[in-house]
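Please look over the model shown below before reading on.

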Amino acid sequence: MKLTIIGVGLIGGSIALKLREKHFADYVYGVDQNEQHLVEAKGLGIIDESLSLEKAIQNSDLIILAIPVDASRKLLPAILDLVTDKQTVMDVGSTKAGIVKGVENHKNRNRFVAFHPMWGTENSGPKSAVSDSFAGRAGVICDQQDSAPDALKMVEQVAEYLEMNLLYMEAESHDVHTAYISHISHITSYALANTVLEKEREEDTIFQLASSGFSSTVRLAKSHPEMWVPIFRQNKENVLDVLNEHITQLRKFKSALEKENYDYLEELIRNANKIRGILR
């Protein structure tokens, strides 16, 4: 089976490594605008060869689109223009409604499967790729009814080889849920990092006093804007909705402290503790 990875960075590279390890992919082509990424990916054994987009698609059974969501939305129609009814295209973006909307009337829409592996780190590039990244994580297939049965089966096999737990959702529902459990986490992390950088001017103090709790909370603030600005743009309405609720919750904590209402503060914290029963 011949595979093309468009975007040989963290996610695309990690998928390629695992599929090679499992002998699902016999040969991997890499497509990337960053020539250095292609050189690194080949040196790391992520890809066998770099090709132009057209030639890579022509030679492949499976094409995985692993670039920022804005770019995916623009490129996907052109990819579907080039595929046959024997090839499968999948993406790995964090937003889905805009991407599937953009190809809903394409003649080859059924060759595309919208997929989101629920994993990522603050790092980027092929050097950050890790083959076992996805094990035990959720993998979401969106709008499965719009994909051909053989294309759907191909992506389900990919998820199986990645050792992911498969879920099926409508694209719009997916975007609502990811806004609440993923996208808001990044905004909160960026905002906290900016707060600390604004108030604490001594970098040495931040480094010396930062606890593991603080470090884990702001870890996501290291994530690159090239990836996350497009996600926020594509999922703007859902992100604004959850952001408004988050601001409301922050105001409750602020009010409790201002009014020295420590019983209410304890109530807020105890309510938050309910998450223990969900995330163990």
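## Pairing around S7

In this predicted model, strands S6 and S7 pair in the antiparallel sense, with 4 bridges between them, and within that pairing Ala-114 has Cys-142 of S7 as its bridge partner. On S8, S7 has a parallel neighbour joined to it by 5 bridges, where Leu-167 of S8 is the bridge partner of Val-140.

Strand S7 is mostly covered, with 4 of its 5 residues buried. Together with helix H6 and strand S8, S7 makes a right-handed β-α-β unit.

## The sheet as a whole

These strands belong to an open sheet of 8 strands with mixed pairing, whose order is S3-S2-S1-S4-S5-S6-S7-S8. The edges are formed by strand S3 (49-50) and strand S8 (165-169), each of which pairs on one side only. Strand S5 (residues 88-91) pairs with strand S6 (residues 112-117) in the parallel sense over 3 bridges, and Val-89 has Phe-112 of S6 as its bridge partner.

## Helices on the sheet

Helix H1 (residues 10-21) packs on the sheet, where it touches strands S1 (2-6), S2 (27-31), S4 (62-65) and S6, and its direction makes about 165° with that of S1. Helix H4 (residues 69-82) lies across S1, S4, S5 and S6, and runs at about 165° to S4.

## Nonpolar cores

The largest nonpolar core holds 35 residues, of which Leu-3, Ile-15, Leu-19, Leu-62, Ile-64 and Phe-115 touch the most other members. At least two residues of this core come from each of S1, H1, helix H2 (35-43), S4, S6 and helix H6 (149-161), and H6 supplies the largest share, 6 residues.

For Phe-115, the contacts beyond four places in sequence include Met-90 and Val-92, Val-140 and Ile-141, Val-155 and Ala-159, and Leu-166. A second, separate core of 33 residues has Val-31, Leu-53, Tyr-190 and Ile-231 among its members.

## Ser-133 in the S6–S7 loop

Ser-133 lies in the loop between S6 and strand S7 (138-142). Is Ser-133 buried or exposed? Ser-133 counts as buried because its relative accessibility is 9%, which falls under the 20% cut-off.

The side chain of Ser-133 reaches the backbone oxygen of Val-130 at 2.6 Å. Leaving aside residues up to four places away in sequence, Ser-133 touches Ser-14 and Trp-119.

Conventions:
Residues are numbered from 1 along each chain as its sequence is written. This is a predicted model: local features need pLDDT of at least 70, side-chain atom pairs count only at pLDDT 80 or more; totals for chains, interfaces and linings use all residues. Side-chain values use heavy atoms; hydrogens and water are left out. Two strands pair if DSSP finds at least two bridges between them. Contact means heavy atoms within 4.5 Å. Axes are lines fitted to C-alpha atoms, for helices over the stretch in contact, and angles run from 0 to 180 degrees between N-to-C directions. Buried means under 20% relative accessible area, exposed over 50%, partly exposed in between (1.4 Å probe, protein chains only). A polar contact is a pair of N or O atoms within 3.5 Å; within protein, one must be able to donate a hydrogen and the other to accept it, and residues adjacent in sequence count only if both atoms are side-chain atoms. A nonpolar core is a set of buried Ala, Val, Leu, Ile, Met, Phe, Trp, Tyr and Cys residues joined through side-chain atoms within 4.5 Å. A crossover is right-handed if, with the strands pointing away from the viewer, the path from the first strand over the helix to the second runs clockwise.
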